[in-house]
Amino acid sequence: MRVTKFPLYTLKESPADAELVSHQLMLRAGMIRRLASGLYTWLPTGLRVLRKVENIVREEMNRSGAVEVLMPSIQPSELWEESGRWDQFGPELLRIQDRHTRDYCYGPTHEEVITDIARRELRSYRQLPVNFYQIQTKFRDEIRPRFGVMRAREFSMKDAYSFHMTNECLQSTYEVMYATYSCIFSRLGLRFKAVEADTGSIGGNVSHEFHVLAESGEDAIAFSTESDYAANVELAPTAPLQVGHSTSLQPLEKVATPDQHSIEDVCAFLDVPPDQVAKTLVVRSSSGSLIALILRGDHDLNAAKAQKLDDVADPLTFANEQEIQAMLGCKTGSLGPFDLNCPLIIDHAAYALENFICGANEDGFHFIGANWARDLARFNQYESRDLRKIVSGDASPDGKGLIQVKRGIEVGHIFQLGDKYSTALGASVLNKDGEEQIVKMGCYGIGVSRVVAAAIEQNFDRQGIIWPQSIAPFDISIIPISAKKSRQVIETSEWLYRELENSGLEVLYDDRELRAGLLFADHELIGIPHRIVVSERGLSQNSIEYKHRRDPQALQIPAESILQFIRDRMRESVQKA
C-alpha cells in the first residue's frame, strides 16, 4: 500500500484530554478519532489492527469447535424482563423506543438473545453441547467514558455462549475455552495472566478473567511467588491471622483527638503507624439498619467480599453522615467498636490487633491500648470475617509462597453461568428419558477493541507504538530518501515493494515527498515492526538499511541479500509470536 493512497492522519501532539498512553498514541498514530463521548471512528490504520485481532480470535474460536452467528444489536425489552435484568442492569443499559413506543435496548451483552435462540432451536440432548459465538458491536452507557477505546461506550466484543446437559459437560467446554483464550492472547503477542474472578452482574458460580499485565491497568491482580495461584484482588481470600496473647497489655485510655477525623490525621497526631489503628466503616444491612465493619487502618475494604455477607445489603451501600449521627450518635471520624449501637463484623487482621487505637464514639476522642477480649467482649456480639483486599506480602491462599500484587487490564472473561438464564427463559431439551431438562450455560467474552489499546499499553516507547508482529497494521515499511532526486532510489524501492508484496507481506511504501526526519517520526509512531530505508548514499555502498522497531540501531544489509534477509527476519518474528 502506497501512503499516497493510504492517508496516515498522524498528529505531532497528544490531545489534552488523552490520559492513557494508548489513547494518546492511537490518536497521534491516526488510528481513531473521537465523534462524541465514548464514541470513536476507526480510521484505516486502526481498522487494520482491529481486523487482525478479530481474525485471530475467529480462527481460534473456530478451531475450538465454536460456531459463529450474528445476533441483533437492538434487543426487545421483553427478553430482559423475562431474565429480570431490565430493571437490575441499571443506567448502563441504553433503553430506546421505536415509533410504536415499544421498548428496546442496545445490547451490552447477549445472554437473553442467545438463550431465546436455544429455547426455540434446541430440542434434544443429541444437539448438545454446542457453543455459539459472534464478533459484534456492543453499547454500555458508561457514566464516565474515558481512556479512549479502553472504556468507550460503543465497543467491539467477541461473546460466546455454550449449552450443556450436565455440569461436567459445561466444565469440559469451560476448560476448552480457557485453553483457547490462552492461545488467542499468546498469538496476539501479549503478556497476560488468567485469574480467578468474581462473576459480577453476569452471574454464575465460576469465572476467570484474562488480564494483560500493564502498570496502567485498572484492576489489581494477586499472584503467588511460588505457585500458579492468581486471582483478582476482589476475589482473593485472606486467612485468619494468629491472635496474639500478649503478657504486656497496655491500660485502656481515652485521649482527646480534636479535629482528627481520618486515619492519617489520627496516626500523625498520636504518632503511631496505621496498622495499629482499627477503623470503623458503617454500611446498610439487607433489612435497612446499619452494620459496622472494622478493618485495620492500613487495609482497604473489599466491597465484593462485604456485599456477599448475609446481613449486608447488595449492592454495598455506605451509610451517610446523617444516618450515622442519628442512629449511632457520633460523627464518622470518631466511630469505634465500643458500645456501638449496631452489629460488628471484624476483619481477620483487625481481630488480631492488640493494644490498638480506635474511635471512642465521642466526637474528638479515641481510645488507646484497646484489646478485644479484655475491653470489648462485654459491649457487642461480633465475628471475625474476611473483609479486606489482599496485599503484597500476604500469605498465598493456596499456602504456597507470598502474594505479589500487580496491575492488569481485563481483556477477557469466561463464566460458568449454570442455569440462571436458561431457567428464567425456559430453555430446555428432551433428555435420554424423553423428559424436559433445563440446559446449563457457559459464557465467554473478549473485548476485541480493548485488546488493541491493551497491546499498546504493553508495547510502546518515547517514539510511539511497538506492535507485536501478529497485529501490526503492516508487516514492513519502505522509506525512500530523496527519491525525486535519484532514479536508482525509486527503481530499487519499487522493486522491493513488488517483491515483498509478491512474497505475501503487507507493505507500506511511503512515497510522500517529505524530509527524512518527518518520515522516520511517522513510522516510529505507527510502530510497524520492520523498516527498510533506501537512500542514494546506501546504494552507492551497495547496502540497504534495515531496522526492527525494537532494535536500538539500524543494520546495513548488502543490496543483493536484502530480500532473503527480510524473509528470514519475518520467519523469526512469526516463530517468536
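Predicted model: local features only at pLDDT ≥ 70, side-chain atom pairs only at ≥ 80, totals over all residues.
**Group meeting talk: a buried helix and its surroundings**

I will begin with helix α13, residues 448-458, where eleven of the eleven residues are buried, so that the helix is largely enclosed by the rest of the structure; buried here means under 20% relative accessible area, exposed means over 50%, and partly exposed is in between, with a 1.4 Å probe and protein chains only. Residues are numbered from 1 along each chain as its sequence is written, and side-chain values use heavy atoms, with hydrogens and water left out. Helices (H or I, at least four residues) and strands (E, at least two) are DSSP runs, numbered from the N terminus.

Leaving aside neighbours within four places in sequence, Val-452 is in contact (heavy atoms within 4.5 Å) with Met-26, Met-31, Trp-42, Val-49, Leu-50, Val-53 and Trp-467. For one of these, Val-49, the C-alpha atom is separated by 7.2 Å from that of Val-452, although the two residues are 403 apart along the chain.

Next, a helix pair. The axes of α2 (residues 44-64) and α6 (residues 167-187) come within 10 Å and cross at roughly 150°, axes being lines fitted to C-alpha atoms, for helices over the stretch in contact, with angles from 0 to 180 degrees between N-to-C directions. That makes α2 roughly antiparallel to α6, since angles under 35 degrees count as roughly parallel, over 145 as roughly antiparallel, 65 to 115 as roughly perpendicular and the rest as oblique. The residues that meet include Ile-56, Val-57 and Met-61 in α2, and Val-176, Met-177 and Ile-184 in α6.

Turning to strands, there is an open sheet of three strands in the order β4-β6-β5, with antiparallel pairing, where two strands pair if DSSP finds at least two bridges between them. β4 (74-76) and β5 (94-97) stand at the edges, each with a single partner strand, so one side of each is left without a neighbour in the sheet. The twist averages 40° from one strand to the next. β5 pairs with β6 (residues 103-106) over four bridges, and the bridge partner of Arg-95 in β6 is Cys-105.

Elsewhere, β17 (residues 356-359) and β18 (residues 365-370) run antiparallel, joined by three bridges, and form a hairpin with five residues between them. Asn-361, in the loop between these strands, has a positive phi near 60° and is buried at a relative accessible area of 16%. Asp-271 also has a positive phi, near 55°, but this residue counts as exposed at 69% relative accessibility. For context, most residues other than glycine have a negative phi, and most peptide bonds are trans.

On that last point, a cis peptide bond joins Leu-128 and Pro-129, with omega about 0°, and another cis bond joins Asp-314 and Pro-315, with omega about 10°. Pro-129 lies in the loop between α5 (111-121) and β7, whereas Pro-315 is in the loop between α8 (303-306) and α9 (321-328).

I will finish with Arg-153, in the loop between β7 (130-139) and β8 (154-164), which counts as buried at 18% relative accessibility. A polar atom of the Arg-153 side chain lies 2.8 Å from the backbone oxygen of Ser-37.

Definitions and conventions. Polar contact = N/O pair within 3.5 Å; in protein donor to acceptor, adjacent residues only side chain to side chain.
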